[in-house]
Amino acid sequence: LEDENAPPAELARHALAGGLAKEAFAYSMAGGDEAAEVFAVRDATSHYEQARYLLAAEEQQPGGAVEPSISDIEHLFSQLGRTYEMADRWEKARETYETMLALAREMGEARLEVITLNHLAVLVFHHEGDTSKIRALLERARRVAEEASLAEALAETECKLVDLTSVWAGEFEYSKPLAEKALASARALERPDLVARVLTALVRLETFAGRLEEAGTHAEEGAALSRDLAER
């Protein structure tokens, strides 16, 4: 089947039936990604749940333990949480992210902890809209990123802090210094995608504050960056 380029979902089914845990995990993840790309949420969720089951199984099949990497864990739980969100299954999404957070802390993986706290903040934003809770999650993520010297994770968190709390809450004077700091960090990291995201937050901030000329300048730069990224 592999030689014939069979779909990941089919390969996962046969690997699982054959007791090949590692292969079943990898193909379940690939099947979930393939389904998620076309917004087949139910199928994607099913594949990711199967991968999660294989990861959590106390007694692995004869093919050996799954032994996922940190990036595998990040990808699995992030994608599973997002598919639950897309299906409006908010409590399942929360439970997924909380499990991810517990794993991050158990393994002492600061970057994974920061990413998970960001996911939880976005979930609260869309489902509850509780600004104080969002801010608490992102401030915790910012502290963890600073303590672990995680420059990219810190810049990502600061961008979300501006976009999800300060801008929408109308705290413009608090937002601008934080946004400018996030923008400087994104430029220093040479992350044009992150620069464009911070510029988007700055456009909103300046527009809501009535500073239209500044908003226009940020919008023009962000649009140019986005076109360049699209062409690449």
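Which residues have the most contacts inside the largest nonpolar core? In this predicted model, where local features need pLDDT of at least 70 and side-chain atom pairs count only at pLDDT 80 or more, totals for chains, interfaces and linings use all residues. Residues are numbered from 1 along each chain as its sequence is written, and side-chain values use heavy atoms, with hydrogens and water left out.

The residues in question are Phe-25 and Leu-76, within a core of 58 residues; a nonpolar core is here a set of buried Ala, Val, Leu, Ile, Met, Phe, Trp, Tyr and Cys residues joined through side-chain atoms within 4.5 Å, and buried means under 20% relative accessible area with a 1.4 Å probe, protein chains only. Leaving aside residues up to four places away in sequence, Leu-76 touches Phe-25, Met-29, Tyr-48, Ala-51, Arg-52 and Leu-55, a contact being heavy atoms within 4.5 Å.

Of its 232 residues, 43% count as buried, and the C-alpha trace spans about 65 × 40 × 30 Å along its principal axes.

Helix α7 covers residues 131-147, and because its 17 residues at 1.5 Å a residue should span 24 Å, the 24 Å between its end C-alpha atoms agrees; the expected span is 1.5 Å times one less than the number of residues. Among the buried residues of α7 are Ile-134, Leu-138, Arg-142 and Ala-145. Just after α7, Ser-149 takes a positive phi of about 55 degrees.

Note on methods. Buried means under 20% relative accessible area, exposed over 50%, partly exposed in between (1.4 Å probe, protein chains only). Helices (H or I, at least four residues) and strands (E, at least two) are DSSP runs, numbered from the N terminus.
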